[in-house]
Amino acid sequence: MKEYLHFINGEYLASESGRTFENRCPVDNRLLGMVSEAGEREVDQAVVAATTALKGPWSQLTQAARIALLNKVADRINERFDEFLEAECNDTGKPRALASHIDIPRGAANFKAFSETLANAPTESFQLDTPDGTGALNYGHRKPKGVIAVISPWNLPLLLMTWKVGPALACGNTVVVKPSEDTPATTTLLGEVMNECGVPPGVFNVVHGFGPDSAGELLTAHPLVNAITFTGETKTGENIMRAASVGLRDISLECGGKNAAVVFADCDLDKAVEGTMRSAFANCGQVCLGTERVYVERPIFDEFVSRLKLQAETLRPGRPEAEGVNLGPLVSQKHKAKVMSYYDLAVSEGATVVLGGGVPAMDSQLAEGAWVEPTIWTGLAEDARVNKEEIFGPCCHICPFDSEAEAIALANNTPYGLAAAVWTENTARAVRVSAELDVGICWVNSWFLRDLRTAFGGAKQSGIGREGGVHSLEFYTELKNVCIKL
Ligand code: NAD
């Protein structure tokens, strides 16, 4: 059985308290190993190690040397691809075909993309006239922010963690990562890679545990943490914001969503069905950017519903490594209970169940896994809870609309504002509608097409701040103005 230890100051260690918790595979609920739960002592050790490393050899590296080191980290993840892949698939149950295409390669790429951004990012400069005529020169100078706490979720564990760690380290910070309690494996493995590549001890640290009354809360409350970057639920984001307010620490919050797709009658229907199929069901619906509300213009409503149903019926659940499998389980029994409660709620709120709505019959070994059926509903009222609350499962509600203005109003009728997808072949409409949607990311005739140089983040209750490209520099560095009187 595996033991998942903390990675502090370049070494693996267990908690002094001896406290552990189980890590189970959601495919069949088998026990994968025991995870050490960090207490005050381990969190403090990790933060102190990160603070000390800020002034150590890490700070002496030139930007080029730091970037070369991070490129090496990316290469080493790719060399150990199969180990990362197995660890991620065990923790999440997701199909290997998906993780080998998205999670691991993009998880590695995050160390390269930000290095290039940093190497090419200019800072501002202004010349100022002064009364004596000699003038003054102002220029921007960026410094690392310090110790960054990284709190990450379970849906894309490696990818979403390196999305933060990559730019944080590229900018010269040090990090303490608290991965989700459900997916400790790949973050732990990354410690080995850091050592193999010669990243100085204390630059990358990992503590395991839960949120409240555990490692997450201890880390965000630690006074030596200079900034906190978080991905997860909006409610957790509020708690983290409260913790960060003590000492006025900076935060970057990437939170939940209740994302809409708007499908106009002038769309390419093949593309719209294929894209919505991915946005609703990829990763078993556990993608923050995924679609849970689909609005379809009335003339194509019936055809869209029946074609999406036909497509969703081809989803094949099974073991991650099995040939042809394209649907994994949910991440845990706890999450399954949450998603199933919404499946029941949809029926009691009056939904027509077009597809699914239950638990699939799996063979005996998999029967204990966190499986749920891909599910499509129609007929719910706009204010039904199923239409309002984030479910984070393989499900969507489809509703007809009659005009562009109505579609925009429906899509914006949510406290969330993460992402949207608009399906139309009319370019003027695409530009008009995407401008009106209250979201951080809007796709037109596509979904999940990501350019790492672009801004990423949520509007309204989906988050605070933007990361990606130069926007990551805003969070991970402190911009200082130097004014030289000439
Ligand atoms: P979560 O909020 O339950 O947990 C996220 C992390 O926060 C975990 O590591 C958890 O242990 C930790 N945590 C919980 N309470 C804490 C506290 N009080 N203090 C410090 N840490 C705490 O989220 P989850 O269930 O792991 O992930 C699913 C959620 O993440 C969904 O809402 C999804 O939309 C969101 N998400 C958002 C994005 C985005 O980019 N906007 C990306 C992926 C997931």
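**Helix packing and ligand surroundings**

In the contact between helices H4 and H8, the residues Glu-83, Phe-84, Ala-87, Glu-88 and Asp-91 of H4 meet Ala-185, Thr-186, Leu-189, Leu-190 and Val-193 of H8. Sorted by class, the residues of this contact of H4 with H8 comprise six that are nonpolar, one that is polar and three that are charged. The model described here is a predicted one, and the values given below are computed from it.

Two packed helices are described by the angle between their axes together with the distance between those axes. For H4, which spans residues 81-92, and H8, which spans residues 185-197, the angle is about 160° and the axes lie 8 Å apart. Because angles over 145 degrees count as roughly antiparallel, H4 is described as roughly antiparallel to H8. The crossing that H4 and H8 form is right-handed.

Helix H4 also packs with helix H6, which covers residues 103-120, and here the axes come within 9 Å and cross at roughly 120°. H4 and H6 are therefore oblique to each other, and H4 passes H6 in a crossing that is right-handed. On the H4 side of this contact stand Phe-81, Phe-84, Leu-85 and Glu-88, which meet Asp-103, Ile-104 and Pro-105 of H6. The residues of the contact of H4 with H6 divide into five nonpolar and two charged, with no polar residue among them.

The ligand is surrounded by 30 residues, of which the closest are Lys-178, Glu-181, Thr-236, Cys-255 and Glu-390. In the side chain of Lys-178, an N or O atom lies 2.6 Å from an oxygen atom of the ligand. For Thr-236, an N or O atom of the side chain is likewise placed 2.6 Å from an oxygen atom of the ligand. Glu-390 has a polar side-chain atom that is 2.5 Å from an oxygen atom of the ligand.

A further residue, Glu-368, is located in the loop that runs between strand E15 (352-355) and strand E16 (375-378). When its neighbours within four places in sequence are left aside, Glu-368 is in contact with Asp-28, Asn-29 and Gln-333. Between Glu-368 and Ser-462 the separation is 94 residues in sequence, and their C-alpha atoms are 33 Å apart in space.

How values were computed. Residues are numbered from 1 along each chain as its sequence is written. This is a predicted model: local features need pLDDT of at least 70, side-chain atom pairs count only at pLDDT 80 or more; totals for chains, interfaces and linings use all residues. Side-chain values use heavy atoms; hydrogens and water are left out. Axes are lines fitted to C-alpha atoms, for helices over the stretch in contact, and angles run from 0 to 180 degrees between N-to-C directions. Helices (H or I, at least four residues) and strands (E, at least two) are DSSP runs, numbered from the N terminus. Angles under 35 degrees count as roughly parallel, over 145 as roughly antiparallel, 65 to 115 as roughly perpendicular and the rest as oblique. A crossing is left-handed if the near helix is turned anticlockwise from the far one by less than a right angle, and right-handed if clockwise. Contact means heavy atoms within 4.5 Å. Ala, Val, Leu, Ile, Met, Phe, Trp, Tyr, Cys and Pro count as nonpolar, Asp, Glu, Lys and Arg as charged, and the others, Gly among them, as polar. A residue is near a molecule or strand if one of its heavy atoms lies within 4 Å of it. A polar contact is a pair of N or O atoms within 3.5 Å; within protein, one must be able to donate a hydrogen and the other to accept it, and residues adjacent in sequence count only if both atoms are side-chain atoms.
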